[in-house]
Amino acid sequence: MINRILIYLVMLITVGRALEFFPFLAPLQLGKVVIGGATVYVAMTFNGIKRNAIINNPLSKHIGLIIILGGLSIPFSVWPGGAFNSFLGYMRIMLIFAVLCALAGATYSQSVINAAMLTVAVLALLMFFARGAGGRISVSSTYDPNDIALLFTIFLPHLIISGITSKNIMRYLWFAVAGLALTGIALTQSRGAIVALAAITLYCLTQLKKGRIAIFLLACIGFGIVAYTADDAFWDRFTTLQTQEDYNFEAKEGRVEIWKNGLVIMAKNPLLGIGIGQFSSAMGMIGNGVYLTAHNAYIQIGAELGIFGLAAYLLMLWKIAVIARRGMVSSAISHADRLRYMALLIGLIGFMAGSCFLSQAYGPILCSYQAVSAALAMHLVRLENEAAIEKADLPDAQAVTPIPPPAREEYAQHSLAAKAAAKRAKREQMLKRGDEAYKKRRSITGPEKSRQERTHD
């Protein structure tokens with residue numbers, strides 16, 4: 001119970017930053033209180049399962065490599081002091097990831113997803129009530145409207161799948177939150193989020209073999225909600241793209257010029273980059289003189305950490321896709337669980353498309369999706385191990401020590417122990433078959449001994 005409560009608090013307060021909508025709460029520094037309390041709780045209850053969840057989750061190697069490269073980039077940065085501060089900021093974000101992984105383990109993966117969807121629901125509600133202010137709506141000083149729209153986009157598939165798989169009132173609740181998320185995307189007037197939604201829809205219609213009619217209808221409903229909610233300013237932003245009058249095409253501070261300079265910076269600093277978090281500094285010092293962020297996660301990490309950092313980042317995204325694909329075809333989980341892994345893959349596609357326009361290579365938004373991916377990966381391992389133990393043709397109690405029922409779930413969570421049990425059971429079964437074959441082939445004078453007894457002698 002404590003694990004679930006802390007998961008919800010960490011996700012809502014430290015990732016969602018929902019309390020920033022209420023400035024009078026700022027002096028309380030509840031974000032530091034929550035993450036500090038959760039860290040202390042994890043330290044006090046630390047065991048092999050929590051250690052396995054942090055160190056042996058599928059994303060730990062890639063994240064660890066990014067951390068190492070970020071540290072190595074500091075002395076060679078265009079501004080070492082700023083790179084050091086950015087590195088500390090990234091370590092704080094990775095602390096959130098580690099705490100969420102430890103709290104979730106292999107048992108509370110659904111709690112991490114629910115906490116992320118609750119965060120979207122709270123932020124969307126706050127935006128809905130603030131829509132009368134006009135302009136592009138945002139409810140956080142940490143995230144600009146484009147960031148909020150990306151957060152809504154990547155968790156929108158999870159909201160829809162939860163609505164499909166849930167029952168009774170929860171089904172309608174999740175669908176309502178999905179509608180609120182689409183409304184929030186329209187209120188942010190984010191063109192990148194619309195591109196990400198289009199990429200998600202295109203993938204679903206072309207790659208998924210079943211339910212294409214339902215997907216098409218859901219897409220029509222979704223874009224209908226966005227079109228109904230959007231105001232004239234939203235459509236004017238798209239009109240400027242068609243006429244190429246938008247500042248992103250020609251202006252010195254536009255995205256196209258920033259991307260061109262970012263590629264030049266990446267080519268000039270291919271090994272260790274310009275230092276973690278120092279893209280804007282490099283743009284001002286050695287770029288076009290404009291201190292702006294990359295507005296592209298791939299150019300951002302490639303310029304700041306070099307080609308090895310970009311490779312580690314892409315491999316980490318690929319690993320999330322592997323986790324999702326593995327869960328989608330696993331026979332050890334239910335159909336509802338397989339749909340959750342499908343939502344993980346669809347949300348990843350939305351992030352990869354949306355992050356082409358945002359500097360979100362190290363941010364809390366990616367951290368939240370990494371935590372969801374790691375929790376689902378550990379959940380899948382636990383279920384597959386349990387299925388392997390149940391299907392194993394275990395010998396009698398004298399040959400293999402039985403697993404006590406209360407410890408069965410904890411035992412199955414530890415993948416190494418489960419693999420050892422399956423290997424031991426297979427070895428015992430092979431020995432038993434060998435004894436039977438030996439008895440059939442030849443007869444022994446005197447008292448017959450089994451292979452185990454002969455080995456012992």
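Q: Why does Cys220 count as partly exposed?
A: In this predicted model, Cys220 has a relative accessibility of 40%. Buried would need a value under 20% and exposed a value over 50%, so Cys220, at 40%, counts as partly exposed.

Q: What makes Cys356 partly exposed?
A: The relative accessible area of Cys356 is 26%.

Q: How many disulfides does the count come to?
A: The count comes to zero disulfides. The rule asks for a pair of cysteine sulfur atoms within 2.5 Å, and by this rule no disulfide is found.

Q: Which residues form a nonpolar patch on the surface, and what is their accessible area together?
A: The patch is made of Trp79, Met285, Ile286 and Tyr291, and together they have about 470 Å² of accessible area.

Q: Where does Trp79 lie, and what makes this residue partly exposed?
A: Trp79 lies in the loop between α4 (60-72) and α5 (80-104). Its relative accessible area is 47%; exposed would need over 50%, so Trp79 is partly exposed instead.

Q: How do you know that the span of α5 agrees with its number of residues?
A: Helix α5 has 25 residues, which at 1.5 Å a residue should span 36 Å. The end C-alpha atoms of α5 are 36 Å apart, so the two values agree. After α5 comes Gly105, with a positive phi near 55 degrees.

Q: How many aromatic pairs does a search of the whole structure find?
A: The search finds five aromatic pairs.

Q: Why is the pair of Phe22 and Phe24 called edge-to-face?
A: The ring centres of Phe22 and Phe24 are 6.1 Å apart, and their planes stand at 65 degrees. Rings pair if their centres lie within 6.5 Å, and planes over 60 degrees apart count as edge-to-face, so Phe22 and Phe24 qualify on both points. As for accessibility, Phe22 is partly exposed at 32%, whereas Phe24 is exposed at 62%.

Q: What makes the pair of Tyr90 and Tyr362 edge-to-face?
A: The centres of the Tyr90 and Tyr362 rings are 5.4 Å apart and the planes are at 70 degrees. With the angle over 60 degrees, the pair counts as edge-to-face.

Q: Why does the pair of Tyr90 and Tyr362 tie together parts that are apart in sequence?
A: Tyr90 lies in helix α5, while Tyr362 lies in the loop between α16 (335-354) and α17 (364-391), so the parts tied together are 272 residues apart in sequence. Both tyrosines are buried.

Q: How many salt bridges does the structure hold?
A: There are four salt bridges. Side chains of opposite charge can pair when their charged atoms come close.

Q: What makes Glu384 and Arg326 a salt bridge?
A: Their N to O distance is 2.4 Å. The cut-off is 4 Å, so the pair counts as a salt bridge. Glu384 is in helix α17 and Arg326 in helix α15 (residues 297-329), so distant parts of the chain, 58 residues apart, are linked. Arg326 is partly exposed, with a relative accessible area of 41%.

Q: Why are Asp337 and Arg340 separated by about one helical turn?
A: Asp337 and Arg340 are three residues apart in helix α16, which means a separation of about one helical turn. An α-helix has 3.6 residues a turn, so residues three or four places apart point the same way. The side chains of Asp337 and Arg340 meet in a salt bridge at 2.6 Å, N to O, and both residues are buried.

Q: Why are Glu386 and Arg382 also separated by about one helical turn?
A: Glu386 and Arg382 are four residues apart in helix α17, which again means about one helical turn. Their salt bridge has an N to O distance of 3.3 Å, and both Glu386 and Arg382 are buried.

Q: What makes Gln189 buried?
A: The relative accessible area of Gln189 is 4%. Since that is under 20%, Gln189 is buried. Gln189 is found in the loop between α8 (168-188) and α9 (191-207), and its phi is positive, near 55 degrees, in a residue other than glycine.

Key. Residues numbered from 1 in each chain as written. Predicted model: local features only at pLDDT ≥ 70, side-chain atom pairs only at ≥ 80, totals over all residues. Heavy atoms only, no water. Buried < 20%, exposed > 50% of the residue type's maximum accessible area, 1.4 Å probe, protein only. Patch = residues over 30% accessible without salt bridge, like charges linked within 9 Å, V, L, I, M, F, W, Y side chains within 5 Å. Areas by Shrake-Rupley, 256 points an atom, 1.4 Å probe, with all protein chains shown as cover. Helix = DSSP H or I, 4+ residues; strand = E, 2+ residues; numbered from the N terminus. Phe/Tyr/Trp six-rings, centres within 6.5 Å; stacked < 30°, edge-to-face > 60°. Expected span 1.5 Å × (residues − 1).
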